[in-house]
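Work through the exercises below with the sequence and coordinates open. Each task is followed by a worked solution.

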Amino acid sequence: MTIAKPKSSTQSPKKSNPVERRKTPARRNLYTRAEIEEIFRRFSVQRPEPKGELEHVNPFTLVVAVALSAQATDAGVNKATRALFKVADTPEKMVALGEEKLVDYIKTIGLFRNKARNVIALSQKLIADFDGQVPRTREELITLPGVGRKTANVVMSMAFGIPTLAVDTHIFRIANRLRLAPGKTPDEVEDKLFRIIPEKYRFHAHHWLILHGRYCCKARKPECERCVIADICKSPEKTCDIPAPLVELPPQIIGG
Ligand code: SF4
């Protein structure tokens, strides 16, 4: 990922051609730095240690769980993987289990046939090319069948503690709805978010945004009266300007 550094200078190009300028507009974010800092400060008070909700027991099972979670809910994936990971928590055991038996475990998840094929193929590749270990870099991770940039980002962050922003449906919606980091593609949103989120908040930002989207700024109807950033939010969809009390949420609410 290209991580653009924050601008260190406000100098504008001298006598630049107006047509050229339009091609690469120096768009200002709708939010000030102080507002963005405050948004993430409040999220950090609400959920000091946000956690992902996909159950896994090691980096390999995390890769599998994330690969299975495309177009499925975390709860649905967890239901299927609880039993699966008891019998297959390494690439070797997954290959030994085989595609047909794997299908039996995951057939409640959408696109299960395709996903089963990918899980067996990625297990085989891990054994053949990575000594059975999950690699740590994005470049290596995306060589695994069924693993795209989003899955790689989740694995890097959750398994190895490397700050990344995997833009899922919630993050994509929030970035655009709030006009915080508007973009037409997940990559565009990822790049913009990564640039504006203060470094100290980057590691947890992914989960804060997902959980905010899942439990408060919901897809169909945002619950603005329960929102701790309602006074800062610049979404045309918001229905309330008064922020909800800023308190740490009990752990059970984090898990939903
Ligand atoms: S005020 Fe409403 S629209 Fe804005 S972030 Fe909160 S829930 Fe979402």
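This is a predicted model: local features need pLDDT of at least 70, side-chain atom pairs count only at pLDDT 80 or more; totals for chains, interfaces and linings use all residues.

**Exercise 1. Cover of helix H3**

Task: Determine how many residues of H3 are buried and what covers them.

Solution: 
- Step 1. Nine of the 10 residues are buried, and H3 is mostly covered.
- Step 2. The buried residues run through Phe-60, Thr-61, Leu-62, Val-63, Val-64, Ala-65, Val-66, Ala-67 and Leu-68.
- Step 3. Their cover includes helices H4 (74-87), H5 (91-97), H6, H7 (112-130) and H9 (149-160).

**Exercise 2. Span and surroundings of helix H9**

Task: Compare the length of H9 with the expected value, then explain why H9 counts as largely enclosed.

Solution: 
- Step 1. From first C-alpha to last, the 12 residues of H9 reach 15 Å, close to the 16 Å expected at 1.5 Å a residue.
- Step 2. H9 is largely enclosed by the rest of the structure because nine of its 12 residues are buried.
- Step 3. Among these buried residues are Lys-150, Asn-153, Val-155 and Met-158.
- Step 4. The buried residues of H9 pack against H3, H8 (138-141), H11 (186-196) and H12 (199-215).
- Step 5. After H9 comes Gly-161, with a positive phi near 70 degrees.

**Exercise 3. Asp-104**

Task: Decide whether Asp-104 is buried, exposed or partly exposed.

Solution: 
- Step 1. Asp-104 lies in helix H6, residues 99-106.
- Step 2. A buried residue needs 20 or more other C-beta atoms within 10 Å, and an exposed one has 12 or fewer.
- Step 3. Asp-104 has 13 C-beta neighbours inside 10 Å, so it counts as partly exposed.
- Step 4. Ala-116 is 12 residues away along the chain, and its C-alpha atom is 9.7 Å from that of Asp-104.

**Exercise 4. The ligand shell**

Task: State how many residues surround the ligand and how they divide by type.

Solution: 
- Step 1. The ligand is surrounded by 14 residues, the closest being Cys-217, Pro-222, Cys-224, Cys-227 and Cys-233.
- Step 2. The shell comprises nine nonpolar, one polar and four charged residues.

Technical notes
Residues are numbered from 1 along each chain as its sequence is written. A residue is near a molecule or strand if its C-beta atom, placed from the backbone, lies within 6 Å of it. Ala, Val, Leu, Ile, Met, Phe, Trp, Tyr, Cys and Pro count as nonpolar, Asp, Glu, Lys and Arg as charged, and the others, Gly among them, as polar. Helices (H or I, at least four residues) and strands (E, at least two) are DSSP runs, numbered from the N terminus. Two residues are in contact if their C-beta atoms, placed from the backbone, lie within 7 Å. The expected span of a helix is 1.5 Å times one less than its number of residues.
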